[in-house]
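This report describes a predicted model, and it moves from confidence to fold, then to selected elements and the contact between chains.

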Amino acid sequence: MSSALFAELAYWQQTGIRVGVGLAAVLLVAGALVYMHLFKAVSFMQSRLGPMEAGPYGSLQLLAEVGKHLQKEDIFPRKADRFVFGAAPFVVLASTFLLVVVVPAGPDLWFVDSELGIYLGMAVSSVSVLGILMAGWGSSNKYSLLGGLRATGQLIAYELPLILAVIGVVIQAGTMNMADIVYAQANGEIFGLGIVGNPYILTQGVAFIIFLIAMQAELAQAPFDMPVAESELVTGYMTEYSGMRFLLFFIGEFATAGVFAALASVLFLGGWYVPGIDPSANIMNVLGPLVMLVKIVGLTFVVFWTRFTMPRFREDQLQRLAWKFLIPIALANIVVTGILKVTF
Amino acid sequence: MSLLAALAALSAALSPDGDLYVAQNVFFAVIAVTMIFSALRVVTTSNVVHAALWLVVVLAGAAAQFILLGSEFVAVTQVLVYIGAVVVLFLFGVMLTRASLGDDESVGEEKRGMAAVVGVLLFSVMAIALIDSFEADRLVIDEPRSVSTVSDAIFSQYIVAFEAVSVLLLAALIGAIVVARKD
């Protein structure tokens, strides 16, 4: 969104277009993920068809669900802290929508071209914890409070390996700017071979695995769904929410999955780059979003595949995995990457 | 529009050489007023969780002021460290120990006098230090500070202070583990 065409628009017009495109990018991807993974892929894994009635092959099921939630009553528990309870879903959703701002989808398709890039993304993603704590406490329900506390403990623990895994990529690329990370991968070489560039999944494979595990935990998907464990906490911090506010949490969950997958595909899978086409060529402004979409769908499929395959971790196992395994391995990865960066 | 024109006229009157950034000053004022109001609410509300949430507004305001000063890196760090970690840990601790909704009776009057004394002392120390070291200097902002400028400054000019802070934090970390250990 920076081409010559846009240079003639006023600042507020550019901002309006950015906001509109950002909303569309997050919501359309989230909707596609819900339909493809939650409705269909999971149904096939469980030998059933999933939604088939609304629209051809059940493709309009999502609109039906949204309509249903919008009609429901917006219930506030009598003893709830009305402002904190009401504002919590918006804090969570705002964090997701701000996170998408750092993701580029083509040489000219970016929202902000900041040199802070991924650092900015990590900062805004850490704000969602605040919304979850507000939801858990404001509901005035002990299940919600326990869910909120569990979610916070988990998110704090897994934010560290997430950021530490990213540092390996930043060291190797020598920049935090997301577009420059894509170019560094496209122009990179492995053992003198530059045919496929150097997607960092090859050299930062350890960081990639850690990023995926930490991402699963940040999204609170099974096996890390202790905060919303339905058999013991109903649905944790979301228990008291109904109607539109529940829908906001639901959208937030899947939109965040899509945005984190977009971050992972930029950091480790080469972003919008496909071997054989110059990543800064004009055609990539059209192909780039499609390439990104394929990578996002592939990565989120892994997330939901894992979600419907693995049993839930116990709270102590969950914390042990983060603090005793992922963080030391991520730190070792940073040290090795730094040494290799200086040597070569 | 007339408001903008009035502001422009005001700024022209205030600084004949046109050396005043109107938009920056207006936003500084808006953010500063919001921060002061929120800071007052932090210490006047008797609901501990509300106090922490008002503190988030104050810290976000500080981050916004850093952006106005062209220091994006510091602003983002402010959000990551203070909002994303420090306030979240405050809230986590408060909710883990006393999760009561509504006002907290133990937030009493008797500690307010001492807190006010500490606050005034801290404010005067910081104000005197700032005024003493900068006096009438004006901050020159010609372009945003890049990350490399910040990192070069930390790892060359301020390396000793940086290492001292690191060791201090490590000591605090070990101290916390020692205090929390049962055996």
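## Confidence and conventions

For chain A the mean pLDDT is 84, with 96% of its residues at 70 or more.

Because this is a predicted model, local features need pLDDT of at least 70 and side-chain atom pairs count only at pLDDT 80 or more, while totals for chains, interfaces and linings use all residues. Residues are numbered from 1 along each chain as its sequence is written, and chains are lettered from A and ligands numbered from 1 in the order in which they are written.

## Overall fold of chain A

Chain A contains 14 helices and zero strands, where helices (H or I, at least four residues) and strands (E, at least two) are DSSP runs numbered from the N terminus. Its radius of gyration, taken over C-alpha atoms, is 21 Å, close to the 20 Å that the globule rule (2.2 Å times the number of residues to the power 0.38) gives for 344 residues, so chain A is as compact as a globular protein of that length. The C-alpha trace of chain A spans about 65 × 50 × 45 Å along its principal axes.

Of the 344 residues in chain A, 47% are buried, a residue being buried if 20 or more other C-beta atoms lie within 10 Å of its own, exposed if 12 or fewer, and partly exposed in between, with C-beta atoms placed from the backbone.

## Helix α7 of chain A

Helix α7 (residues 142-173) of chain A has 32 residues and reaches 46 Å from its first C-alpha to its last, close to the 46 Å expected at 1.5 Å a residue, that span being 1.5 Å times one less than the number of residues. Since 24 of the 32 residues of α7(A) are buried, this helix is largely enclosed by the rest of the structure. After α7(A) comes A:Gly174, which has a positive phi, near 75°.

## Contact between the chains

In chain A, 22 residues are in contact with 19 residues of chain B, contact meaning that the C-beta atoms of two residues, placed from the backbone, lie within 7 Å. On the side of chain A that touches chain B, the elements giving two or more residues are α5 (118-125), α6 (128-138) and α7 of chain A.

Terms used
pLDDT = per-residue confidence, 0-100.
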